[in-house]
Every structure is written in structure tokens, then in C-alpha cells.
Amino acid sequence: MSHNIYWCLLAMAVATYLIRVLPITLIRKEIRNPFIRSFLYYVPYVTLSVMIFPAILTATQTIVSGALALVVAIVFSWRGGNIFQVSVASCIAVFLIEAVIC
């Protein structure tokens, strides 16, 4: 049983290594295609969003308070609020919503 763990760790290490090394070794010229350049430009933002979005909804006691706090954060950031104002407004929204619901 314990040998299977080592094989799994080895497979994950090889897969992670190949994902990082293959693009460096295979692509040596500058990427000029505008579609591929824009795709690669937005990959970090999409990855961060995919990791954060579920955490926003599940970090509170109810999904409703998380979703409404997300809406508050979007509104505050859309109107030019800095990260401190957006986070404080979201926290206040969660506090008020959960005080009313619970």
C-alpha cells in the first residue's frame, strides 16, 4: 500500500515538471499570434478567479451572505473603491446579512 503512494508522488512530480519545462523547451521564438498572446495574458487572472470564487461563497455561514457580499464587492470596486474599502464593505455586508438571517 505504501509503495502506491510513492508511485503517485512520482507521477505528480513528473507531470508538474513537464508542464513547466515543455513550454520553455518547445517554444523558443516570440509568440506573435494575438489570440494566443491574449489567452496567455488572461490565464493568471482566470486561475485566480477560479480558486477564489468558490471560497467567497463557502467562507460564510450561508451561501446567500457570501453571494451578496460578492455583489457588494463588485459594486464597490466598480465605483473605484480601493481593496481596503471593498473588503470592509464586504465584511460589513456579511455581518449584517448573517445577523438578519441567523
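These entries follow the order in which I looked things up.

**Ground rules.** The model is predicted, so I kept local features at pLDDT of at least 70 and side-chain atom pairs at pLDDT 80 or more, while totals for chains, interfaces and linings use all residues. Residues are numbered from 1 along each chain as its sequence is written, and side-chain values use heavy atoms, without hydrogens and water.

**Helix H1.** I took helices as DSSP runs of H or I, at least four residues, numbered from the N terminus. H1 covers residues 2-26. H1 has 25 residues and spans 36 Å from first C-alpha to last, close to the 36 Å expected at 1.5 Å a residue. The expected span is 1.5 Å times one less than the number of residues. I found a kink of about 25° in H1, centred on Leu 18. The bend is the angle between axes fitted to the seven residues ending there and the seven starting there.

**Exposure.** I called residues buried under 20% relative accessible area, exposed over 50%, and partly exposed in between (1.4 Å probe, protein chains only). Leu 26 lies in H1 and is exposed because its relative accessibility is 66%. Ile 19, also in H1, is exposed at 62%.

**Cysteines.** How many disulfides are there? I counted zero, taking a disulfide as a pair of cysteine sulfur atoms within 2.5 Å. Cys 8 is partly exposed at 47%. Cys 91 is exposed at 54%.

Note on methods: Helix = DSSP H or I, 4+ residues; strand = E, 2+ residues; numbered from the N terminus.
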